[in-house]
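The sequence and structure come first.

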Amino acid sequence: MSDPTLIDSMLRWHLPLMSRTLETLGHILARVSQQQATTLRDGADGWTVLEVVCHLRDYDRIFQERANSIIAQDNPLFQSYNPDELAHERNYNTSELHAVYAELCVSRTRYVEFFQSLNPEQWQRHGTYPKLGVFSLADGLMQVTGHDLIHMEQITRILLQAE
């Protein structure tokens, strides 16, 4: 990641995508009722819209904690989480949809500011996943945008049931 052109590309294209996908999610959720958010599911045993948004909020924080660890420690080892267990433990489906989205917006703003503050040396830092291996800050940035897109598609698929 020492290539200044690559760092510039990350800041110019991928970082704005973190905010843009969040704005898109806001448009998707604007007319979703609490009832729709808690009853329509992604398959018989799948998540609700609310559970997906809670997952995005919590993983945004987890991703940011990992990024902070990369800056604070040399090659930190990341803990794995089970998304289904978190959804159950935190009782996601009892939350209020638009409050959860607002929390995600606050978290995402902090995360974007974190990436904007990095210097070229910091972009070269990394951590390690037990199963996946070395994971850089650039990987983390790209992970967020990919993660957002996967779950926005999931939410729109769930909401198609309301039509």
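Leaving aside residues up to four places away in sequence, D148 touches M18, T21, L56 and R108. The model is predicted. D148 belongs to helix α7, which spans residues 137–159. Its relative accessibility is 6%, and the limit for a buried residue is under 20%, so D148 counts as buried. With T21, one of the residues it touches, D148 also makes a polar contact, side chain to side chain, at 2.7 Å.

The second topic is the aromatic rings. A pair of aromatic rings is described by the distance of the centres and the angle of the planes. The structure holds eight aromatic pairs, among them the pair Y59 and F63 and the pair Y111 and F115.

| Pair | Centre to centre | Angle between planes | Class |
|---|---|---|---|
| Y59 and F63 | 5.8 Å | 75 degrees | edge-to-face |
| Y111 and F115 | 4.9 Å | 40 degrees | tilted |

Planes over 60 degrees apart count as edge-to-face, and the planes of Y59 and F63 are at 75 degrees, so this pair is edge-to-face. Y59 and F63 both lie in helix α3 (residues 49–72). They are four residues apart there, about one turn of the helix. Y59 and F63 are both buried.

Y111 and F115 are in helix α5 (residues 97–116). Because they are four residues apart in that helix, about one helical turn separates them. Y111 is buried, as is F115. These two residues also belong to a cluster, in which ring pairs link Y111, F114, F115 and W123.

Notes. Residues numbered from 1 in each chain as written. Predicted model: local features only at pLDDT ≥ 70, side-chain atom pairs only at ≥ 80, totals over all residues. Heavy atoms only, no water. Helix = DSSP H or I, 4+ residues; strand = E, 2+ residues; numbered from the N terminus. Buried < 20%, exposed > 50% of the residue type's maximum accessible area, 1.4 Å probe, protein only. Polar contact = N/O pair within 3.5 Å; in protein donor to acceptor, adjacent residues only side chain to side chain. Contact = heavy atoms within 4.5 Å. Phe/Tyr/Trp six-rings, centres within 6.5 Å; stacked < 30°, edge-to-face > 60°.
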